[in-house]
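Please read it alongside the sequence and the coordinates.

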Amino acid sequence: MEFDETIAVGDPCVEASTSAVSVVTIVVCSSCRDASGSDARPRPGELLGAATREANTFPDVRVEQAECLGNCKRRLSAAFIKQGAWSYVFGDLGTDAAHDLIAGAKLFQQSTDGLMPWRGRPDCLKRGLVARIPPPEHFAAMWDHMASHKCGQTKEMERRAPDATPGVPRTLKDNP
Ligand code: FES
């Protein structure tokens with residue numbers, strides 16, 4: 001699958017905030033079943049989580065488990081979270097994906113533009129990409145940019161949120 005990883009780069013409206021030194025958390029779904037659909041415990045997702053934790057040697061990569069990431073149809077699933085960066089959801093993983101998850105997380109951890117590089121990403125994290133979600137800072141930068149340009153949309157936003165100070169980044173909570 002081709003995926004445009006450059007879409008958010010270089011545009012002040014959409015550029016994510018950067019942080020060279022940050023922690024990536026891998027969240028592995030502990031309740032995912034494999035292709036057999038079996039309910040037997042431990043579930044394959046739990047095994048993948050344990051193997052990923054075992055494979056991790058990086059202090060700036062954390063491995064956590066959570067029940068159901070809402071991606072059940074794509075079988076074994078995991079998400080990557082990093083403060084100030086885009087979040088990623090992956091599916092169609094195998095129980096043998098632990099080292100790929102760690103390699104992908106380390107690649108993402110070293111990224112300075114808030115995005116996970118496509119080049120160098122393990123194949124299962126290319127094929128298995130389900131979604132990527134921008135951080136709140138992504139929109140704060142856009143609000144900032146729009147406020148500084150006083151375009152029509154900015155005026156509309158100010159009309160909707162008259163108490164907000166122009167030029168001060170606002171959160172999604174302020175954006176009805
Ligand atoms: S059971 Fe794993 S995503 Fe739902």
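**Notes on the model**

1. P42 lies in the loop between β1 and α1, where helices (H or I, at least four residues) and strands (E, at least two) are DSSP runs numbered from the N terminus. The peptide bond leading from R41 into P42 is cis, and its omega is near -5°.

2. This is a predicted model, in which local features need pLDDT of at least 70 and side-chain atom pairs count only at pLDDT 80 or more, while totals for chains, interfaces and linings use all residues. Residues are numbered from 1 along each chain as its sequence is written.

3. The sheet is open and mixed in its pairing, with five strands in the order β2-β1-β3-β4-β5; two strands pair if DSSP finds at least two bridges between them. Its edges are β2 (61-66) and β5 (129-133), each of which pairs on one side only. From one strand to the next, the twist averages 20°.

4. Strands β1 (residues 24-29) and β3 (residues 76-82) run antiparallel and are joined by five bridges. Within β3, F80 is the bridge partner of I26.

5. Helix α1 (residues 44-55) lies across β1, β2, β3 and β4 (87-93), and runs at about 155° to β1. Axes here are lines fitted to C-alpha atoms, for helices over the stretch in contact, and angles run from 0 to 180 degrees between N-to-C directions. Two residues are in contact if their C-beta atoms, placed from the backbone, lie within 7 Å.

6. Beyond its neighbours within four places in sequence, F80 is in contact with V24, I26, S87, Y88, A105, F108 and M116.

7. C68, in the loop between β2 and β3, has a positive phi of about 55°. A residue is buried if 20 or more other C-beta atoms lie within 10 Å of its own, exposed if 12 or fewer, and partly exposed in between, with C-beta atoms placed from the backbone. C68 counts as exposed because it has 12 C-beta neighbours inside 10 Å.

8. D92 lies in strand β4 and also has a positive phi of about 55°, although it is not a glycine. D92 counts as partly exposed because it has 16 C-beta neighbours inside 10 Å.
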